[in-house]
Amino acid sequence: MPYDDDDHQPSAPRLLRRSTLMITVAALVTLCLAGWAVRQMTGGSHDTATARSTAGASPSRTGPTSSAAPDTPGSGKGGGASGASKPPHSTAGDGKPANTGPLAGKVVVIDPGHNPTNYRHPREINRMVNIGSKSKECDTTGTSTNSGYAEARFTLDVSHRLRALLEKEGATVTLTQDNNRPFGPCVTERADIGNKAAADAAISVHADGSAAGHRGFHVILPALVKSGSADTSKIVGPSRDLGTRIAGTFVRDTGSAPSNYIGGGTGLDTRGDLGGLNLSTVPKVFIECGNMRDPDDAALLTSGSWRQKAARGIADGISSFLHGA
């Protein structure tokens, strides 16, 4: 039914309804004003009081534990984080976070060796892939200590700690895997991740599985390989510089000696049979942080405090390389 025209008077029933409505609205306004006055006298609403009581609180970030709880993956060596919270980021003109710090603008790719669940996927990881100079398995299970602490667990823990240290300096950090896939990636993909990221430096973190009595760390450098899809000619020099710096800072920060069974006491080894190096187009090295099969080295590798030192030693070497100092 349409409203009455303005030149028509409303009927008596309509006047009564309008009067009743106006009285009701007036009563509601009065109640609202009274409630507002009471809140002002008692210090504000519940939500406001709650906001005041929680002002300044911020969530905390918990890093990885240092537990050396054993895993039970397959053994046998194949070829081949930290509790600190992230630093505040400024905002770039495009609205994206902009890293700040001495390594701002630098990209680092960390490759945690192997994968904690590789042992569940033997068919997939044993698939052969082309690494340029030859064919090799997609990936391997890695080794473990005699007590069952898996290399793949170790490499992830050190990589998390290393990432936190580098991000604190402002670097942009990418991990090739973070226990977020059932197996792998294959060694070819690990190299490709660093290449596509145009990394300023890349590091593959490992621990060795040699005989008892063999102790110490060593850094693996890429050999000159020009075969098939592999051409390391542009990265051999800068990779040696990166590896030499990491070896020096690793000794200083961990107190560990260079390997007594590889590298002739230099802590450096050059290899041309690793797909992660052969296929890299960015400066890249591997580090074997110690020998998991030696009881003395194993005691270090299963220590959370030592793993933090190891991460610091690697981070300091990478930082020195990126600074060019």
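**Reading a sheet, a helix pair and an aromatic cluster**

Tutor: Helix H4 (residues 151-168) lies across strand E3 (107-112), E6, E7 and E12, running at about 145° to E7. Helices (H or I, at least four residues) and strands (E, at least two) are DSSP runs numbered from the N terminus, and angles run from 0 to 180 degrees between N-to-C directions, with axes fitted to C-alpha atoms, for helices over the stretch in contact. Helix H5 (residues 187-196) also packs on the sheet, touching E3, E6 and E12, and its direction makes about 170° with that of E3. The model is predicted: local features need pLDDT of at least 70 and side-chain atom pairs pLDDT 80 or more, whereas totals for chains, interfaces and linings use all residues. Residues are numbered from 1 along each chain as its sequence is written, and side-chain values use heavy atoms, without hydrogens and water.

Student: In what order do the strands of the open sheet lie?

Tutor: Two strands pair if DSSP finds at least two bridges between them. Here six strands follow the order E6-E3-E7-E12-E8-E11, with mixed pairing. Strand E6 (172-175) and strand E11 (268-271) stand at the edges with a single partner strand each, so one side of each has no neighbour in the sheet. The twist averages 25° from one strand to the next.

Student: How many bridges join E7 to strand E12?

Tutor: Six bridges join E7 to E12 (residues 284-291), and the two strands run parallel. Ala202 has Lys284 in E12 as its bridge partner.

Student: How is a pair of aromatic rings described?

Tutor: A pair of aromatic rings is described by the distance of the centres and the angle of the planes. Rings of Phe, Tyr and Trp (its six-membered ring) pair if their centres lie within 6.5 Å; planes under 30 degrees apart are stacked, over 60 edge-to-face and the rest tilted. The whole structure holds two aromatic pairs. Phe217 and Phe250 form a tilted pair, 4.8 Å centre to centre with 50° between the planes.

Student: Why is the pair of Phe250 and Trp306 edge-to-face?

Tutor: The ring centres of Phe250 and Trp306 are 6.0 Å apart and their planes stand at 80°, so the pair is edge-to-face. Phe250 lies in helix H6 and Trp306 in helix H9 (residues 304-323), so this pair ties together parts 56 residues apart in sequence. Ring pairs link Phe217, Phe250 and Trp306 into a cluster.

Student: At what angle do H6 and H9 pack?

Tutor: H6 and H9 pack at about 140°, with their axes 7 Å apart.

Conventions
Contact means heavy atoms within 4.5 Å.
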